[in-house]
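Thanks for coming. I have one model to go through today, so please look at the screen while I talk.

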Amino acid sequence: MGVSPLIAAMLLASGPAAADGEGSPDELIAVPVLSVVLPAVDAQSTAPGQATVAQSPPPAVSAVPEPGQATSAPAQTAPQAASAAPEQAPQTTPADDEIVVSARPRPPREDPLQEVNLKTYAVVQTADKLVVAPAAKTYSKIVPSFIRAGLRHFFNNLNEPVVFVNYLLQHKIGKAFETVGRFGVNSTLGIAGVVDVAKKKPFKLPKRRNSFANTMGFYGIKPGPFLFLPLVGPTTVRDLVGLSVDKLLLPSTVGKPFNRVWYTLPATIIGTLDDRVEFADKLQKFRDSPDPYAASRASYLQSRQAEIDALHVHGHRQRQRKPEVQPDTPAAPPPPNGAK
């Protein structure tokens, strides 16, 4: 009886694989066929007595063994390679997984606008290094010191009416009349205030500073938030309002020339350059400090508070009468029995 082609194919596929352990050309042909027809079987889960069929590696990485050589074990499967990957990954410590959140420190109570002021401070310092400081240095070299002092005295003398009015508002009548005397002596004998004759003998009338901001502080108005502004520098809300009132006093009451640009603009420029020359050493100390902005703010606030406190030293608020001797009061009744 003849053998059908199907049975012949099955015998051809199974016969040589069971004959011996050495590979043969027939086995090389049968293994790929069985790997396609039969499902993949794990070598560890194969029951005894059953033929073990190794899963062939992918065609892209498989190599065909030469005839007469033993078939090598299949390459590591993808799941096993994936499971080995975490073992090779570096172990992370708990500190690497921590997320550190650093909060921005709160601005001080007197400087709630610190972020804006810092930006303005940086711009002002840049402008000072590029424009104001070189101009002030040139001004100090070209203009002799006695002329600069004369211009400073001239503008200070024009500010005496402001000082006088604020001393009146602070009920300091004596200092108010001393200010009037300074203004009269320097305006006449001092050649319109160019020479400060009033501070010398026989007058001995010292130069004093006063402003509407001091008057507001004298009556208990708080300074408000600290500000750092271009062309003004360090100030507060109270001092900014007071400065505006002081600047408007002469233009509104006297008029010309104090309300004309040809006077106000040169006066502002000369005053700014003169102040920059006078306070050059102090500004350099601020810049040499660890925190120049904080040093400038602290110096300004402390000096302003000292000026206002000085107004109360001999002011009417400090003139407290000595407490009168009180008449003898009757003794308190003894506590009830048992009370401590």
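First, the ground rules. This is a predicted model, in which local features need pLDDT of at least 70 and side-chain atom pairs count only at pLDDT 80 or more, while totals for chains, interfaces and linings use all residues. Residues are numbered from 1 along each chain as its sequence is written, and side-chain values use heavy atoms, with hydrogens and water left out.

Now the chain as a whole. Its secondary structure comes to 13 helices and two strands. Helices here are DSSP runs of H or I with at least four residues, strands are runs of E with at least two, and both are numbered from the N terminus. The chain has 340 residues, and 22% of them count as buried. Buried means under 20% relative accessible area, exposed means over 50%, and partly exposed is in between, using a 1.4 Å probe and protein chains only.

Next, helix H5, residues 114-142. Where is the kink in H5 centred? On Asp 128, with a bend of about 55 degrees. The bend at a residue is the angle between axes fitted to the seven residues ending there and the seven starting there. Asp 128 is also among the buried residues of H5, which include Gln 114, Asn 117, Tyr 121 and Tyr 139. The cover over the buried residues of H5 includes helix H6 (145-158), strand E1, and helices H11, H12 (280-288) and H13 (292-311).

Rings of Phe, Tyr and Trp (its six-membered ring) pair if their centres lie within 6.5 Å; planes under 30 degrees apart count as stacked, over 60 as edge-to-face, and the rest as tilted. How many aromatic pairs does that rule give? The count is seven. In one of them, Tyr 121 and Phe 228 have ring centres 5.1 Å apart and planes at 80 degrees, so this pair is edge-to-face. The pair links distant parts of the chain, with Tyr 121 in helix H5 and Phe 228 in strand E1, 107 residues apart. Tyr 121 is buried at 11% relative accessible area, and Phe 228 is buried at 4%. Another pair is Phe 218 with Tyr 219: the centres are 5.2 Å apart and the planes are at 90 degrees, so this one is edge-to-face too. Phe 218 is buried at 0% relative accessibility, whereas Tyr 219 is partly exposed at 38%. Tyr 121 and Phe 228 also belong to one aromatic cluster with Phe 226, Tyr 293 and Tyr 300.

Pro 225 is partly exposed, at 29%. Its C-alpha atom is 5.7 Å from that of Thr 236, 11 residues away along the chain. Not counting residues up to four places away in sequence, Pro 225 touches Glu 110, Pro 112, Thr 235, Thr 236 and Val 237.

Now for some backbone details. The peptide bond from Lys 201 to Pro 202 is cis, with omega near 0 degrees, and Pro 202 sits in the loop between helix H8 (173-188) and H9. In the loop between H8 and H9 there is also Ile 191, a residue other than glycine with a positive phi, near 55 degrees. Ile 191 is exposed at 57%. The bond from Lys 256 to Pro 257 is cis as well, with omega near -5 degrees; Pro 257 is in the loop between helices H10 (237-253) and H11 (261-278).

Last, the surface. Which residues form the nonpolar patch? They are Leu 168, Ile 173, Phe 177 and Val 180, with about 360 Å² of accessible area together. Patches are made of residues with over 30% relative accessible area and no salt bridge, joining like charges within 9 Å and nonpolar side chains (Val, Leu, Ile, Met, Phe, Trp, Tyr) within 5 Å. A salt bridge is a side-chain nitrogen of Lys or Arg within 4 Å of a carboxyl oxygen of Asp or Glu. H8 gives the most to this patch, with three residues. Phe 177, in helix H8, counts as exposed at 57% relative accessibility.

Note on methods:
Contact = heavy atoms within 4.5 Å. Areas by Shrake-Rupley, 256 points an atom, 1.4 Å probe, with all protein chains shown as cover.
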